[in-house]
Amino acid sequence: VTASDADLRSVPTPLGDAVAVARAAAADPTAADLALVVEAVREGYLLHYAPGSARVVRTDDPHLALLAGDRLYALGLARLADLGDLEAVAELADVIAFCAAAHAADDEELADAVWEAGAAAVGAGRSGPISAAKDRVRTNDPSAASALRMAARQLRQDVAR
């Protein structure tokens, strides 16, 4: 079951909004498309890991939630590939992989930080601090979540200047 049109208009989209702002600041004509991509992948993620938190697709059937989540992942990544933004594809692929690992380790804080940094990187492009923070994720460094958040904050501040 999906939300009504009125529900869709009221869905908060903070990650997509951040991507759109960063891309618009760079005069990127794909800003709105990238915001939609991030939010589609985010909705897919929510359906996989927190179906009750999904904002658009609502179902009590866990199998349907997984299928819908898979479809939204695929929709977002396919649309991104159509835009030709391979760097953003790589960023979202990292988000999906790192979040899967975070959930396997029952580390919700890390998963949230991965999303924050991933959206910042899709919006503003790769940065050294984000890459370094990702390396911490790969090595299971306990400071990875805080490093991701700090790198994302720095990247957003750089865009705002």
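Hi everyone, thanks for coming. Before we start, please keep in mind that this is a predicted model.

Let's begin with the helix pairs. Helix H2 covers residues 14-25 and helix H3 covers residues 31-49. Their axes come within 8 Å and cross at roughly 155°. An angle over 145 degrees counts as roughly antiparallel, and H2 and H3 are therefore roughly antiparallel to each other. The crossing of this pair, H2 with H3, is right-handed. If you want to find the contact on your screen, look on H2 for Pro-14, Leu-15, Gly-16, Val-19, Ala-20, Arg-23 and Ala-24. On the H3 side, the residues are Ala-31, Leu-34, Ala-35, Val-38, Glu-39 and Arg-42. What kinds of residues make up this contact of H2 with H3? There are nine nonpolar ones, one polar one and three charged ones.

Now stay on H3 and turn to its partner H5. Here the axes of H3 and H5 come within 11 Å and cross at roughly 20°. Angles under 35 degrees count as roughly parallel, so H3 and H5 are roughly parallel to each other. The H3 and H5 crossing is right-handed. H3 brings Val-37, Val-41, Tyr-45 and Tyr-49 to the contact, while H5 brings Leu-92, Ile-96, Cys-99, Ala-100 and His-103. By class, the contact of H3 with H5 has eight nonpolar residues, one polar residue and no charged residues.

The H4 residues in the contact are Tyr-73, Leu-77, Leu-80 and Ala-81, and the H5 residues are Ala-88, Val-89, Leu-92 and Ile-96. The contact of H4 with H5 has eight nonpolar residues, with no polar and no charged ones. Keep an eye on Leu-92 and Ile-96 of H5: they are listed in the contact with H4, and they are also listed in the contact with H3.

Asp-85 lies in the loop between helix H4, residues 62-83, and helix H5, residues 86-104. Buried or exposed, this Asp-85? With a relative accessible area of 15%, Asp-85 is buried. What does its side chain do there? A polar contact of 2.9 Å joins the side chain of Asp-85 to that of Arg-23. The Asp-85 side chain also reaches the backbone nitrogen of Ala-88, again at 2.9 Å. Setting aside neighbours within four places in sequence, Asp-85 is in contact with Arg-23, Leu-34 and Leu-80.

Back inside H3, we find Ala-40. Its relative accessible area is 10%, so Ala-40 is buried. Which residues does Ala-40 touch, leaving aside neighbours within four places in sequence? They are Leu-72, Leu-75 and Gly-76.

For contrast, have a look at Gln-157 in helix H8, residues 144-160. Gln-157 is partly exposed, with a relative accessible area of 44%.

Last topic: backbone angles. Most residues other than glycine have a negative phi. Ala-27 has a positive phi of about 55° although it is not a glycine. You will find Ala-27 in the loop between H2 and H3, and at 65% relative accessibility it counts as exposed. Asp-106 also has a positive phi of about 55° without being a glycine. Asp-106 sits in the loop between H5 and helix H6, residues 108-124. At 71% relative accessibility, Asp-106 counts as exposed.

That's my tour, and I'm happy to take questions.

Technical notes: Residues are numbered from 1 along each chain as its sequence is written. This is a predicted model: local features need pLDDT of at least 70, side-chain atom pairs count only at pLDDT 80 or more; totals for chains, interfaces and linings use all residues. Side-chain values use heavy atoms; hydrogens and water are left out. Axes are lines fitted to C-alpha atoms, for helices over the stretch in contact, and angles run from 0 to 180 degrees between N-to-C directions. Helices (H or I, at least four residues) and strands (E, at least two) are DSSP runs, numbered from the N terminus. Angles under 35 degrees count as roughly parallel, over 145 as roughly antiparallel, 65 to 115 as roughly perpendicular and the rest as oblique. A crossing is left-handed if the near helix is turned anticlockwise from the far one by less than a right angle, and right-handed if clockwise. Contact means heavy atoms within 4.5 Å. Ala, Val, Leu, Ile, Met, Phe, Trp, Tyr, Cys and Pro count as nonpolar, Asp, Glu, Lys and Arg as charged, and the others, Gly among them, as polar. Buried means under 20% relative accessible area, exposed over 50%, partly exposed in between (1.4 Å probe, protein chains only). A polar contact is a pair of N or O atoms within 3.5 Å; within protein, one must be able to donate a hydrogen and the other to accept it, and residues adjacent in sequence count only if both atoms are side-chain atoms.
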